[in-house]
Amino acid sequence: MNASALDPNRPACLLAPAGSLEMAMAAVDAGADALYMGPLGWSRRPSESEMNDDDIHRAIDYANARGCEPRIVLNTFPSPLEMDAWLDKVRLFGGWGASGFIVTDIGTMPLIREILPDTQIHVSIGSGITNAWDGRFYQHLGADLLIIPYRWGETEIDQLKATSNIGIEVFLFETVQTGIICPGRCIMSSYLKFRDWNEGEGNHSFHGSANRGAKECYRVCQTHWGHGTERDEPHQQLKLRSDARLMLHQLPAFIERGVQFFKLSGRERPTEMIRDLVTFYRKVMDGILDGSQTDMRHYETELATLQQRWVKAKSRRVGTLMARAKGYGEQPALHAGTRAHG
Amino acid sequence: MNNNKIDLSSIELSTNVANPKQLRQCDISAFDAIYLGDFSCMDYPNNFSSHPELLADAVAEIHNAGKKAYLRIYATPGNEDLPEVQAMLDAALALPFNALEVHNLGVLRMLKERGNSTPIHLGVFGNLYTDATARVLKDYGVERVYPNPELSLKEIVYIRDNTPVEVLFPVHGKIPLVISETCFIVENSQCATQKVNPRGKLVCDFPCNQDYWLNRSNGGWVLKDTGRMTLSGKDLCMIEHMPELLQQGLCCFYVQSHGETPEYVAETGRLYRAAIERALATDALPGPSGVETLSQLAKEGLCNGYYFEGAGQTYVGREQRLGA
């Protein structure tokens, strides 16, 4: 069993997704140091990748009993009209033994600290940071960890460390530089269509995008769009963002720089894939940390196979979401003027 | 609150102007305040947000016209942009701007550590969703917030009523949906040159001077691409609902005119000014709302954004609203 994330001698932790109780248990068993899971309607994912409160309670107990830290994703921007319900979730999961929260709305951070003075506050990718001074802002606000943007590499990590003492978390994706990459600064999906919660636990307000807790983001950035100067001319077909590739070669340098959490994405992926990825990254990180294998070329073939599975599942996922966008949440198409479009 | 408490002198109608050329070309007489600069792209020609040498004349011109002048600070600065942003702050804070518009929290922190006392307006990409956030921002000198466009009218009024900050209420123009640190047009346009400067950045020949659109035939989805920012295809239009907004006690109205023509700026300003005056007049006769004219200026039609709790591109006419 891996050491606890609280162990000060263990500087780099593997933070694994839990889109279900089954996935939570598989990730813990495969060696995750920490686990993140989102309650229904409060964590920017469709309901099948979020968990009901009972399952979260069981996952917290399972993780804590095995030295794995349970973190709760409460990273929607709540409605100002539902803040009490949001804070009730913090109290509930904190009381059950969750050791930290992944959040976005800056107003909620001091409120969490007031309720749970010793909890760990992770700044979610949805906060949309772009520079090292953002880290300084969040440090002064009382956050413990900041997940850095997909575009950032070693230079930016050094700049962040020179500007603030906030802990650093990275996604296990290679850095990408092109395309519209803007988690936390995008409401394209809900402009076009959204589906609100009519059922489920506790979340019945108007929301808009998944950023706010609507049922799903349709990932419209990952489908093909015509792009050109005149609407009626033939367009080139483009995705708005590039596909991220799983990280490998950057890991040793990031660990050396003191990155504290390596976050594996994928609450919506199959459990077996997450189990295999946790097993893989556990092995890679342990090899770097104990010095037994620091040459990442050793893992290239194995990662290539995992990457293929990753891309295949992702493409299936985007297809599913776009089909939902077509079928769900029809809004009344009432327009003024003669040139309105449905 | 009701409209007995609102009179014309407490109303502010504002819009945005990116550079001196637009300031010369646009008739801004209908507006009370101007947001200077394009916060999405530092490279845009003579952008007030990245040319400190242009600010003194601009702020003087706007003040001489009896209007307030606000400066927009670049919204998504990377570490490499921070020295330029610092230089802009140095220049702006030495001038009599009525406020700075800031989107980035790192820049907000910078201003706090400088001991800044110039009022700050939080920009649209500052992610203001809650009253709790407004209270945190107040400690940073934020006096006005541009609520995230996803907030409903009810939520905006709630924030206005429960925080010590003012809310800006966009009434017209394409809705900012996404902002990115790179330019999608330069990356993908077949017209754009792909030259790289010695620092490894693409050299821009400003293909964004033409209108670019993103469209997806399946569903009839249309968005406007201005390079680093993607806007709604349809124009937000609240002119039919001005009486209701004034009744709610809202008073800082904004026309989003990024990427629009001088005619668009002048016409929308004129129509909204007239709509406000008509709504506040006790003896006004019913007249045309101006929605037909605004519809003709909107290539992809009109919408109400999220104000009435629908997807952003839906439109609810006044009669349907009153019926609801």
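Which residue in β9(A) does His224(A) stand opposite? In this predicted model, the residue facing His224(A) is Lys239(A). The pair belongs to an antiparallel arrangement in which strand β8 of chain A, residues 224-228, is joined by four bridges to strand β9 of chain A, residues 236-239.

Strand β8(A) also has a partner across the chain boundary. Three bridges link β8(A) to strand β9 of chain B, residues 212-216, and these two strands run antiparallel as well. Two of the facing pairs can be named here: Gly226(A) has Asn215(B) as its bridge partner, while Gly228(A) stands opposite Trp213(B).

It is worth looking next at the contact between the chains as a whole. Chain B contributes 73 residues to the contact and chain A contributes 63 residues. On the side of chain B that touches chain A, helix α4 of chain B, residues 105-113, gives the most, with six residues. By residue class, that side of chain B divides into 32 nonpolar, 27 polar and 14 charged residues.

Val103(A) lies in strand β4 of chain A, which spans residues 100-103. Because 28 other C-beta atoms lie within 10 Å, Val103(A) counts as buried, the cut-off being 20 or more. Setting aside residues up to four places away in sequence, Val103(A) touches Leu74(A), Asn75(A), Thr108(A), Met109(A), Ile112(A), Ile121(A) and Ser124(A). As for Ile125(A), its C-alpha is 8.8 Å from that of Val103(A), with the two residues 22 apart in sequence.

Key: Residues numbered from 1 in each chain as written. Chains lettered and ligands numbered in written order. Predicted model: local features only at pLDDT ≥ 70, side-chain atom pairs only at ≥ 80, totals over all residues. Pairing = 2+ DSSP bridges. Buried ≥ 20, exposed ≤ 12 C-beta atoms within 10 Å, placed from the backbone. Contact = placed C-beta atoms within 7 Å. Nonpolar A, V, L, I, M, F, W, Y, C, P; charged D, E, K, R; others polar.
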